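Dear colleague,

Please find the structure below, handed over for your records. My notes on helix packing and the nonpolar cores follow it.

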Amino acid sequence: MNLLLAKTKATLGQRTTQGVKDIGAHLRMKWDDAGVQWMFGGALALLILATIIAAILHRRRRTPQPGKSLSNYIMRVRSWWWMALLVGIATFTNTTISCIVFGVTSFLALREYITITPSHRGDHRTLFWSFFALIPLQYVLIANDLYATFSIMIPVYAFVFISIRSALGGLPEHYLSRVALIQWGLMVFVYFMSHTPAILDLQIKGFEGRNGNLLLFLVLVVELSGVLQFIWDKGIGALKMCPHIDANRTWEGAGMGLATAFLLGSGLFWATPFPWYVAGLMAVAITAAGYSGSIVMTAVLRDRGVHDPDIHLPTRAGIIDRVDALCFAVPVFYHLTRLYFDIAPAAQ
Amino acid sequence: MKGQLAFITRLICGVNARWLDGAPREGRCIYFSNHTSHLDSAVLWSTLPAYVRANTRPVAAQEYWNKNWFRRWLARVFNAILVNRVRVTKEHNPIRILRKVLDEGSSLIVFPEGTRSTDGQIRKFKSGLYHLARDMPELDLIPVYTENLTRILPKGEFLPVPVMSSITFGKAIQYHKDERRDDFLARARQAILDMQPS
């Protein structure tokens, strides 16, 4: 373990000094890619447009307080800016810095999740180690590109650790639901999310140094298909998917959302290492996973009685319902990409 | 040092502060709060603006905070007033010490339950708050309700779990002339209970 930390420290130092030396050249190099220019530039243009629309609507409102759908929209635009910042950092810097940024995001999301769930006295130390040891460890493994270890650390070792640590807490009430709840949070907000910087380390022949494109492709497809599904739901939606969890979601919206995701993905194929139809199918897969993530998180929030954003809750940051779609889409995209290019762990 | 400590406390506790009575006040007053964790006074103290914080002193139990160097150091940073809960004599009367501090112009942070509650209930108040309020009826008493801090640092734990917490500063109350002790204490306790989410 000490060796690993020392290694991280060394690579971190090396990469930082290198980065400081020619940060301008580095940024220019990253920007010098048609995929990055069009996708990141396009996303920024769309965001600026969305912000201008929000400002106009806010100015034209009739009531002193913005209405429910307007404040929802403003909140969404704000979270898109955060997302753009995160992805921008990941695209324009390196894996180490991305790992730090996404590690902090994991920390904040897990914190919000644990806050709204009924954590128990007997899990205190389990939770302490989850926050301050398991999250950093997972991202250290990612930063060092240790695929064989990071892909099983939380499903295997953390599973064992959490189960036994909570048992040693000595309080048997609700034991099973308590450990299941902690494991679930770690899987979604740490394990799933940590695959985002891992995408930058995928080694694809003939696509070296352009992995930022994959990340931009993923996030653009997830976020835009979320908007598209919303529009389809409002436009032609009739048959509700799960009215007791989310009354807005319909099968028509989801179906048309997947279809438009295919068009979107295949339209962006030139920026990816895939042929057009594979890019389209990838977009369908990550869109389906992203939809699932949003519905699942709505179910979680509804279970905890905090779905309505109007309820004043000081202990709510609104992070987890912004990263839900991404969290579920990232590992699917990561592994499908590996599968498609037949990247074996030994090949690294 | 104090600024950093306040910042770290706010960061770890993810604390969200609300002032029901508008902005924090500059003048002398007594903050009285429910007590669930050692973090209570730290969080209350760290959410006050720096200029108010400089003149606000938590009241804490001597036998606990004098035990080792770390606790003594913390008590000194927070500028805590250590009072003896166990042996109260005429010469060592905590109320007299607190009155003296108030007379010097400082504000106080007190926990009228006397000890940390572990079951989420707010206990019956001890009479110290009543004596202070009766002696200085012009003084504003500000009820404070903290939430979730016991999950961050429960009784008997040393390492924090950084869930988010909240702190609410309520509308000030004052001692009414000729108010009976139990009535006043029940009213003060109710002011905190009123801030609990239903």
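How are α8(A) and α12(A) oriented to each other? This is a predicted model, in which local features need pLDDT of at least 70 and side-chain atom pairs count only at pLDDT 80 or more, while totals for chains, interfaces and linings use all residues. Residues are numbered from 1 along each chain as its sequence is written, chains are lettered from A and ligands numbered from 1 in the order in which they are written, and side-chain values use heavy atoms, with hydrogens and water left out.

Helix α8 (residues 175-192) and helix α12 (residues 276-303) of chain A pack at about 140°, with axes 14 Å apart; axes are lines fitted to C-alpha atoms, for helices over the stretch in contact, and angles run from 0 to 180 degrees between N-to-C directions. Helices are DSSP runs (H or I, at least four residues), numbered from the N terminus. The two are therefore oblique to each other (under 35 degrees is roughly parallel, over 145 roughly antiparallel, 65 to 115 roughly perpendicular, the rest oblique). Trp184(A), Val188(A) and Phe189(A) of α8(A) meet Val296(A), Met297(A) and Val300(A) of α12(A), where contact means heavy atoms within 4.5 Å. This contact divides into 6 nonpolar, no polar and no charged residues (Ala, Val, Leu, Ile, Met, Phe, Trp, Tyr, Cys and Pro count as nonpolar; Asp, Glu, Lys and Arg as charged; the others, Gly among them, as polar).

Phe189(A) also belongs to the largest nonpolar core, which has 111 residues; among those with the most contacts inside it are Leu110(A), Phe333(A) and Tyr31(B). Such a core is a set of buried Ala, Val, Leu, Ile, Met, Phe, Trp, Tyr and Cys residues joined through side-chain atoms within 4.5 Å, buried being under 20% relative accessible area (1.4 Å probe, protein chains only). Helix α13 (residues 320-341) of chain A gives the most to this core, with 10 residues. A second, separate core of 29 residues includes Met136(B) and Tyr145(B).

Also in chain A, helix α6 (residues 124-143) and helix α7 (residues 147-168) pack at about 165°, their axes 11 Å apart. α6(A) and α7(A) are therefore roughly antiparallel. Their contact comprises 11 nonpolar, 5 polar and 2 charged residues.

In chain B, the axes of helix α6 (residues 94-103) and helix α7 (residues 128-135) come within 10 Å and cross at roughly 45°. That makes α6(B) oblique to α7(B).

Conventions. Buried means under 20% relative accessible area, exposed over 50%, partly exposed in between (1.4 Å probe, protein chains only).
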